[in-house]
Amino acid sequence: MSVDATLSFEEAMEKYDPVLGFEVHVELNTKTKMFSSAPNVFGDEPNTNVNEVDLGMPGVLPVVNKTAVESSIKIGLALNCKIAEYCRFARKNYFYPDTPKNFQTSQYDEPIAYDGYLDIELEDGTVFRVEIERAHMEEDAGKLTHMGGSAGRIQGADYSLVDYNRSGVPLVEIVTKPIQGAGSRAPELAKAYVAAVREIVKNLGVSDAKMERGNVRCDANVSLRPHGQERFGIRSETKNVNSLRAVEHAVRYEIQRHAAVLDSGQPVIQETRHWHEDTRSTTSGRAKSDADDYRYFPEPDLVPVVASREWVEELRATLPEPPAERRKRLKEAWGYSDLEFRDVVNAGVMDSIEETIAAGASADVARKWWMGEIVGRAKVADVDPSALGVTPQVIVELNKLVEDGKINNKMATQVLDGVLAGEGTPAEIVEKRGLAVVSDDGPLLEAIDAALAAQPDVAEKIRSGKLQAIGAIVGGVMKATRGQADAGRVKELILEKLGVQA
Amino acid sequence: MAAINRDDVAHLARLAHIEMSAEELDRMAVELAVIVDSVKSVSEAAGEDVPATSHPIPLTNVFREDVVGHTFTAEQALSGAPDAYENRFKVPAILDED
């Protein structure tokens, strides 16, 4: 396999202007498939979630899954699309063993959603509008495993094994219009766009949105043109770039590769490229050819879908608050700084903080506990902070114990450890571990007498008005009570004892 | 005469993975042209006021509720397969990753 020449990204950007385009496939999480009542479940034994429709047997009739249509409309609405009043399915004809019918049921010139947009916020807050060409309904294909030859790659494979469990799983394919003007931020925008789509479908509850399971898959189109040129360059399409990081890397790599091809005076070949995570590069798939003549025609076994305006508005009314708007609202309500809020989002504790505030904590208290204590412990345990086992109620209770002066902050972290160790509720742990701040004045007075007796010169200083010397006595008392005294109360008692006004 | 010629037939044959001899291409070009012409007579009958349709019955929104129905066992699914291995269909390697 030859290695393609590349230019540095900086040099590529000096000479060329990138144009991007994305096709993102979203697997819906309906209970059943798009056209059959077989279950839509990931990871089951091969060829057990199939029936005659999924296997493309002769004489069978597909029936459209209503929930899948509703999910598709919801996705269209969330992408600010128009929803077609009338649309049909179409057959996309091709021969390949992942599709037993020899055609994929898809939509061609009548997508259910079209003409939308998504405002993408980049890390520094810059907002970039990505225009959506269309979102259409279709079905997923079966899964091929190439056997023999070199390690699962098709080149040199002896045969392939096919599992049709994924065949017929509902898909929505979201296609952007050409994205121009991103410049050197193209790779970052690519990642942010796919992240935004994933977040939206997850927030809608219409997809599990796990990229590692292929619930969200991205094909990235890249072309370059000299600065100032209106006409687009020839594009490549990098298939199945299946992590957010890979999307960014793949776009960056293709820009660098195209730049080197154009610099050498050669035309870019319009072709499919395959992304390789190990080498962080792409290799040539196949060139566009006659084989791309899919001979689409309207699916005669399915009747048109008519989305009445009433139905569309009913669905619109069920849409959750868009993730970007929700973030904006919460940030303002909580009064966090840009940096504080970004840290909260990146740490994945925004929902937990929202719940904690709802349970009665202040925004600052919630952030202090989640960011200051729980995130670090979750990292050590290698789990999501929300999965560590700290409920909003625990935090509210811990904070109340501190505010009531029953325990101090240092003890509170020990109580938190106790909660995580399964020792019980915060109050029970305070009791069991004997962590309560000593508030009974008796033992404190004894300790104060001892400390004053041990340091008579300090006692004298305090008497003569040098109040800052009190720290030495407080320190002695804290030591004697092993940190379980309330320092404020100790101070009061010392002054009382020595007859000094604070 | 219909707009279907020998090259069209060769193209379709390639797309359909059908191997055809030179004689077959010649013959099919003529036969398909007749068939296409015959079908075209439909558009003579349909006036401007008749919209194109893809289905003979004026139905829309035939939907199924999202409720799990029947499935095959792997044995049933594979019962008609020419070849199988570990509960999966076994097919010749095809040099095309798409």
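# Questions on a predicted two-chain model

Me: What makes B:His17 exposed?
Reply: B:His17 has 8 other C-beta atoms within 10 Å. The cut-off for exposed is 12 or fewer. B:His17 is therefore exposed. Keep in mind that this is a predicted model.

Me: Where is B:His17 found, and what is its phi?
Reply: B:His17 is in the loop between α1 (6-15) and α2 (22-45) of chain B. Its phi is positive, about 55°, although B:His17 is not a glycine.

Me: Why is A:Asn80 called partly exposed?
Reply: A:Asn80 has 16 C-beta neighbours inside 10 Å. Buried needs 20 or more, and exposed needs 12 or fewer. The count of 16 falls in between, so A:Asn80 counts as partly exposed.

Me: Where does A:Asn80 lie, and what is its phi near?
Reply: A:Asn80 lies in the loop between α2 and β3 (82-83) of chain A. Phi of A:Asn80 is near 60°, a positive value in a residue other than glycine.

Me: Which residues make the contact of α2(A) with α3(A)?
Reply: α2(A) brings A:Lys74, A:Ile75 and A:Ala78. α3(A) brings A:Ile200, A:Val201 and A:Leu204. By class, this contact has 5 nonpolar, no polar and 1 charged.

Me: What makes α13(A) oblique to α16(A)?
Reply: Helix α13 (residues 441-454) and helix α16 (residues 487-498) of chain A pack at an angle of about 60°. That makes α13(A) oblique to α16(A), because roughly parallel means under 35 degrees and roughly perpendicular begins at 65. The axes of α13(A) and α16(A) are 10 Å apart. Their crossing is right-handed.

Me: Which residues of α13(A) and α16(A) meet?
Reply: A:Asp441, A:Leu444, A:Leu445 and A:Ile448 come from α13(A). They meet A:Arg489, A:Val490, A:Leu493, A:Ile494 and A:Lys497 of α16(A). The classes are 6 nonpolar, no polar and 3 charged.

Me: How do you know that β5(A) and β6(A) pair?
Reply: Pairing takes at least two bridges. Strand β5 (residues 90-93) of chain A and β6(A) have 4 bridges, in the antiparallel sense. In one of them, A:Arg91 is partnered by A:Thr105 in β6(A).

Me: Why do β6 and β16 of chain A stand at the edges?
Reply: The open sheet has 3 strands in the order β6-β5-β16 (chain A), with antiparallel pairing. β6 (103-106) and β16 (297-298) each have a single partner strand, so one side of each is left without a neighbour in the sheet.

Me: How do you know that a strand pairing crosses from chain A to chain B?
Reply: 4 bridges join β10(A) to strand β3 (residues 88-92) of chain B, and pairing needs at least two. The two strands run antiparallel. A:Ser160 has B:Val91 in β3(B) as its bridge partner.

Me: How many residues does each chain bring to the contact?
Reply: Chain A brings 46 residues and chain B brings 38 residues. On the side of chain A, β10(A) gives the most, with 5 residues. That side divides into 22 nonpolar, 14 polar and 10 charged.

Terms used:
Residues numbered from 1 in each chain as written. Chains lettered and ligands numbered in written order. Predicted model: local features only at pLDDT ≥ 70, side-chain atom pairs only at ≥ 80, totals over all residues. Contact = placed C-beta atoms within 7 Å. Nonpolar A, V, L, I, M, F, W, Y, C, P; charged D, E, K, R; others polar. Axes fitted to C-alpha atoms, helices over the stretch in contact; angles between N-to-C directions. Parallel < 35°, antiparallel > 145°, perpendicular 65-115°, else oblique. Left-handed = near helix turned anticlockwise from the far one by under 90°.
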